[in-house]
Amino acid sequence: MEKLVLFIPFIPILIALVLAFVTKKEMMPKVSIFFSSGVALLALYGTYYVMSNDTVIYGFDGLLVYNELSSILVPYVAILGLVIRKYSTKYMWDEPGYKRFFILLNFIFAAIYLLVMSNNLIILTIAWQLMSISLYLLISFNVESKSAIKNGGWTMLIHKLADLFFIIAVVLTYKVFGSFDLAELSQIWLEMSQKVPIDNPMIYVIGFLFLFAAMMKSAIIPFHLWLPYTSEAPTPVSALMHAGVVNVGGILLNKMAFLLLLTPAVLNVAFVMGLITAIFASLLMLAVSDIKRSLGYSTVGQMGYMIMEVGLGAFSLAIYHLMVHGIFKASLFLESGSLINTARKDPGVPRRLTHELFWEEKPQYNSKNIFRLLAIFTIIPVIVFVGIKLILDHEYFDFNAAIVILAFAWLTGTQLFLSFFEVNKVNSPKVILAILSSFIVVLFTYEVLGLALEHYLYGEYGVLFYEVATLNVTMTMSIIMLAFIMLVGWLFTYKQHYVDVPIGEHKPSKVKWRFYKMLAKEGYISDMYVKYFKIF
């Protein structure tokens, strides 16, 4: 019975073939949703079987596997796919190519399932290629739009380069280790990591090739342009890209986790590139004028955090991060698309509860008092975090992803509320209390569930990744860095909102203006792509 789980990657292809013969428009989403519901149920059964029996399901002569990683990701992708198909039923109804959309949607989900469940590098390569092609066809779905075709070209350029790196890495892997079987390779890599230091430079070449292939698919700077420039894709496709496709880099690195035990330099580069991406993308998100592109850079920044986690050896946390962020970003895209559609038909869209809670009541408060409250409520969560970390079991304290969790929780929680709810001199302190609450909830959810997921995915070997990740960041260093970030943030907030500048005395700074112009032009990276890749 459990072997049926291994047919999951082929069910979406079956759905696509069935849809090709369906003529009634209203039946197309029903067929897709019916079979997709079966996939979700089958995935949940497979997860239950793996967890309850503490075993792995192999099939097709070992080409596919439903293991711990699959048992986490396949149900996530299946449920996400079910929601996107249901949403697309009405959202895409008036669009031309209704049938074509659902067929392409099923092909890309087949590729994602195949990638997650593959136990063979050849199968993994096929899934990697199929995903690139399907994504291009979905991004350029509106064939009458020149800009959509152009943006699809950006995507294809970067993804094909990632495919090339990936294929070279697979060939070299077979040449060096003599196998395509991932389970066998993982065992070889694990045994090698426990012996003498590795002096074969080809292993480092393989590690870097897989890393750069993952970075390209996950929109890590400077390979990020394909994601912010896909705003013309249908909203369900945007939700899928930001919640599913862009995460495949983290999934690949988890499948190659034991290889990276042999290549600490690869982990160091991953951390640095992730750090640069997280910072730069966050700045670009604030500077670009296009709201959809700004949302794209938000996802790019989150992918930077994910790669940082891999660089610190927190492979399991990267999986948890990509799932939580995927759910949030998919909800954001689907909700925004639905709201826009509703607003077009009915301008009098009722205000939401959040609007009433955080915007309606605006009693007057002294601006400097509010500033002091904001400063206090950014310090308290850090003090609480450090105190509880010292009380908890040493195993939690040794969970070296603490710096990433701390920074991610603080920055994300603050960014979330400062983006959606205005914090200025006329808002009440309950907004700042909401920031504090979000920090604590996110922080300890990540801490507890991240460690539990590490035990489930890697067991006793999880600690090996932290030992190899030589760019480890201590708790003391993290607190110093966070204090610096807070001081800079407070200074900026105070100067922007609470310092009165007499009329006529404000002189714009040329340095600030040039910096802003650089950010508004997205670091001139797009200009360089146009200059050196004159294909559009």
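Q: Axes are lines fitted to C-alpha atoms, and angles run from 0 to 180 degrees between N-to-C directions. In this predicted model, at what angle do helix H2 and helix H3 cross, and why is H2 called roughly antiparallel to H3?

A: Helix H2 (residues 27-53) and helix H3 (residues 68-91) cross at roughly 160°, with axes that come within 9 Å. Angles over 145 degrees count as roughly antiparallel, so H2 is roughly antiparallel to H3. The crossing of these two helices is left-handed.

Q: Which residues make the contact of H2 with H3, and how do they divide by class?

A: On the H2 side, the residues include Pro29, Ser32, Ile33, Val39, Leu44 and Met51; on the H3 side, Glu68, Ile72, Pro75, Leu82, Arg85 and Lys86 are among them. The division is 13 nonpolar, six polar and three charged.

Q: At what angle do helix H4 and helix H5 pack, and what makes H4 roughly antiparallel to H5?

A: Helix H4 (residues 98-117) and helix H5 (residues 121-139) pack at about 155°, and their axes are 8 Å apart. The cut-off for roughly antiparallel is over 145 degrees, and therefore H4 counts as roughly antiparallel to H5. The crossing of H4 and H5 is left-handed. Among the residues in contact are Phe101, Leu104 and Ile108 of H4 and Trp128, Met131 and Ser134 of H5. By class, 19 residues of this contact are nonpolar, one is polar and none is charged.

Q: Why is helix H10 described as largely enclosed by the rest of the structure?

A: A residue is buried under 20% relative accessible area. Eight of the eight residues of H10 (residues 248-255) are buried, so this helix is largely enclosed by the rest of the structure. The buried residues include Val248, Ile251, Leu253, Asn254 and Lys255.

Q: How do you know whether Thr263 is buried or exposed, and what does Thr263 touch?

A: Thr263 has a relative accessible area of 0%. The limit for buried is under 20%, so Thr263 is buried. Thr263 lies in the loop between helix H11 (257-260) and helix H12 (264-287). Beyond four places in sequence, Thr263 touches Ile203 and Tyr204. Gly207, 56 residues from Thr263 in sequence, is 6.7 Å away in space, C-alpha to C-alpha.

Q: Why should some predicted coordinates not be read in detail, and where does pLDDT stay under 50?

A: Where pLDDT is low, predicted coordinates should not be read in detail. The chain averages a pLDDT of 77, and 66% of the residues score at least 70. Over residues 352-367 pLDDT stays under 50, although the model has 32 contacts beyond four places in sequence for them. Over residues 419-426 pLDDT also stays under 50, with 17 such contacts.

Note on methods
Residues numbered from 1 in each chain as written. Predicted model: local features only at pLDDT ≥ 70, side-chain atom pairs only at ≥ 80, totals over all residues. Heavy atoms only, no water. pLDDT = per-residue confidence, 0-100. Contact = heavy atoms within 4.5 Å. Helix = DSSP H or I, 4+ residues; strand = E, 2+ residues; numbered from the N terminus. Parallel < 35°, antiparallel > 145°, perpendicular 65-115°, else oblique. Left-handed = near helix turned anticlockwise from the far one by under 90°. Nonpolar A, V, L, I, M, F, W, Y, C, P; charged D, E, K, R; others polar. Buried < 20%, exposed > 50% of the residue type's maximum accessible area, 1.4 Å probe, protein only.
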